[in-house]
Amino acid sequence: MKLAAIDIGSNAARLLISEASPNSQGRMDFTKVNLVRVPLRLGIDVFSTGIISPKRAEHLVSTIKAYKLLLEVYEVKYLKACATSAMRDAGNSAAILDDVRRETGIDIKIISGQEEASFLYESHIAENLDKSRAYMYIDVGGGSTEVTIFSKNTLVHKTSFNIGTIRLLQQQVTEAQWQYMKETIKQQIKGLGPVTAIGSGGNINKVFSLSKRKEGKPLTLDVLKDYYKEFSSFSVEERIHLYNLREDRADVIVPALQIYVNIMRWANAEEIFVPKIGLADGLIQSLYGEITSI
């Protein structure tokens with residue numbers, strides 16, 4: 001069974017196509033068939049002007065049209081499409097999504113920060129980890145950061161903060177917002193013992209790739225701090241050429257590391273695992289649950 005998810009973020013739009021099939025233990029495995037990412041950067045408009053410009057709106061419609069063709073080629077029967085922080089904040093999001101629906105037939109739902117955190121939880125990351133420990137799942141996006149805390153394999157807390165890479169680049173994050181994030185994290189980890197972080201998002205995936213760590217091995221907080229200092233010492237142009245980064249990755253990787261480092265410091269987390277999953281994976285899991293419960 002082929003399933004697909006569309007995730008319209010503040011920095012990029014992603015289409016994930018997966019094949020769902022039972023493994024030898026009878027549990028469902030989701031095999032990635034294709035992942036397409038288009039750097040729409042909706043947050044650049046929204047976090048400075050409050051709306052999505054006609055040009056970016058046009059690019060969004062064109063992107064969804066292209067995704068629809070891929071869905072047809074792969075013969076995908078089930079789709080779940082969601083939009084996050086930039087669309088939540090955009091004053092003209094309803095009109096744009098109406099245009100998308102009219103042009104493509106695809107209905108994109110704007111989800112809240114709490115819903116976003118819940119879909120991330122659907123990825124079932126903690127199932128294969130030490131059930132006696134506490135884990136903090138951190139998903140850093142362009143417009144928001146979702147933090148989900150597990151203890152003894154149980155969901156303890158989930159929060160969405162309006163702190164993201166695009167917002168930081170545009171100096172749209174206040175000291176009060178940082179303080180709220182710090183206080184919330186410190187409060188929620190009280191009494192949980194040592195916390196291990198789990199990271200998702202294109203930036204942490206890129207850092208993990210650059211680190212040459214073996215799959216399944218964590219990055220340390222010190223390594224993230226070192227990369228933050230290193231990347232910060234170069235211009236965006238220099239980062240592009242020195243680390244072979246796309247331009248839309250080279251500018252956001254520094255604020256992303258700032259967010260990960262701060263959260264890990266406040267949670268006293270010394271390590272972060274990077275399992276290369278994100279919102280689209282959670283949407284796929286949720287979609288499968290919806291289909292099988294009918």
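This is a predicted model: local features need pLDDT of at least 70, side-chain atom pairs count only at pLDDT 80 or more; totals for chains, interfaces and linings use all residues.
I started with Ser200, whose side chain makes a polar contact with the side chain of Tyr137 at 2.8 Å. By polar contact I mean a pair of N or O atoms within 3.5 Å; within protein, one must be able to donate a hydrogen and the other to accept it, and residues adjacent in sequence count only if both atoms are side-chain atoms.

Residues are numbered from 1 along each chain as its sequence is written, and side-chain values use heavy atoms, with hydrogens and water left out.

Next I looked up where Ser200 sits: it lies in strand β9, residues 195-200. Strands (E, at least two residues) and helices (H or I, at least four) are DSSP runs, numbered from the N terminus. Is Ser200 buried or exposed? It is buried, as its relative accessible area is 0%; the cut-off for buried is under 20%, with a 1.4 Å probe and protein chains only. Leaving out residues up to four places away in sequence, I found that Ser200 touches Tyr137, Ile138, Asp139, Val140, Tyr260, Ile277 and Gly278 (contact means heavy atoms within 4.5 Å).

Gly278 turned up again when I checked the second largest pocket. Among its 33 lining residues, Asp7, Arg14, Gly201, Gly202 and Gly278 lie nearest the centre. For the record, a pocket is an open set of points on a 1 Å grid over the protein atoms alone, where a 1.4 Å probe fits, with protein on both sides within 12 Å along at least five of seven lines; lining residues have an atom within 4 Å of a point. Which elements supply at least two lining residues each? I noted β2 (13-22), β3 (28-38), β6 (134-140), α8 (202-211) and α13.

Helix α13 (residues 279-293) also holds Gly282. I logged Gly282 as buried because its relative accessibility is 0%.

Last, I looked at the whole chain. I listed 13 helices and eleven strands. The C-alpha trace spans about 50 × 50 × 35 Å along its principal axes. Of the 294 residues, 49% count as buried. For contacts with a separation of 6 or more, I read that 68% join residues 24 or more positions apart.

Key: Buried means under 20% relative accessible area, exposed over 50%, partly exposed in between (1.4 Å probe, protein chains only).
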